[in-house]
Amino acid sequence: MTPVSHGIQVVEDQYFFGGSEESVQDFAVAQREQIKGSEVWLFGVFDAQIGDKITKYLQINLFDKELKESQLKRRSTETMKKAYLWIRAKLREGKEAKKTQMAGCASVIVINGEKIVAANMGDYRVVVCKDGVADQICERHHPRIKRRWSINVFSGTLHMRIRTAGNKVSKHAEPAVAVEKIDSDTEFVILASNGIWQVMKNQEAVNLIRHIHDPKEAAECLAKEALTRMSKGHISCLIMRFD
């Protein structure tokens with residue numbers, strides 16, 4: 001069983017709304033569960049409108065079930081995907097399609113330090129560093145997307161249509177879920193918000209913190225770099241390191 005350590009850094013956003021200043025910040029979680037002899041970790045960064053909803057869904061539908069290790073490994077992927085589809089549906093119930101498109105989160109379940117179940121939505125990402133190389137694992141599981149631009153000759157309006165592989169029009173791609181084995185090459189995982197990825201590439205982020213063995217210091221370094229680069233998005237990150 002590979003030991004797991006972690007560090008979290010969340011930067012509070014300040015907004016002026018209706019003449020008064022308001023603060024908004026992402027929700028981050030690092031939660032350890034002991035389930036019938038299995039050690040299970042849940043890590044995640046979620047924007048304010050999602051908050052702890054996915055965490056609560058996983059608690060009720062996965063962690064509280066007291067599953068055996070074989071069942072846990074089998075059902076964790078399915079339950080993670082259901083949690084993301086559920087939260088997307090909940091956001092749409094409020095008839096705020098624009099906010100739903102902007103919603104973002106990334107989360108990881110680690111089972112016995114051997115297996116990662118990762119998911120993301122929006123511009124939040126899960127990036128694994130293996131032997132110094134950055135790998136955005138959930139990206140491999142997104143459907144292939146083609147964007148086509150068209151113009152309405154009567155109104156002059158420009159439209160973009162998104163087509164997935166199979167030629168079906170998709171307004172919102174499904175949340176991506178990926179499974180990754182933790183091996184001797186797996187060094188650390190970055191879960192981070194759009195404000196990190198607006199200003200640096202996956203490999204840049206990995207190179208920046210790879211030499212920092214304390215995950216708390218690494219998370220702080222990544223957030224500070226995003227601020228230095230004048231990021232305009234939400235800045236939150238969680239670093240998991242496998243020792």
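This is a predicted model: local features need pLDDT of at least 70, side-chain atom pairs count only at pLDDT 80 or more; totals for chains, interfaces and linings use all residues.

Residues are numbered from 1 along each chain as its sequence is written, and side-chain values use heavy atoms, with hydrogens and water left out.

**Sheet**
- An open sheet of 5 strands has the order 1-14-13-8-9 with antiparallel pairing, where strands are DSSP runs of E of at least two residues, numbered from the N terminus, and two of them pair if DSSP finds at least two bridges between them.
- Its edge strands, each pairing on one side only, are strand 1 (4–10) and strand 9 (133–135).
- Strand 13 (residues 186–192) and strand 14 (residues 236–242) pair in the antiparallel sense over 5 bridges, and Phe-188 has Arg-241 in strand 14 as its bridge partner.

**Helix pair**
- The axes (lines fitted to C-alpha atoms, for helices over the stretch in contact, with angles from 0 to 180 degrees between N-to-C directions) of helix 5 (residues 202–209) and helix 6 (residues 215–228) come within 9 Å and cross at roughly 130°; helices here are DSSP runs of H or I of at least four residues.
- Ala-205, Leu-208 and Ile-209 in helix 5 meet Ala-218, Cys-221, Leu-222 and Glu-225 in helix 6, contact meaning heavy atoms within 4.5 Å.

**Helices on the sheet**
- Helix 5 lies across strand 8 (125–130), strand 9, strand 13 and strand 14, and runs at about 120° to strand 13.
- Helix 6 lies across strand 1, strand 13 and strand 14, and runs at about 30° to strand 1.
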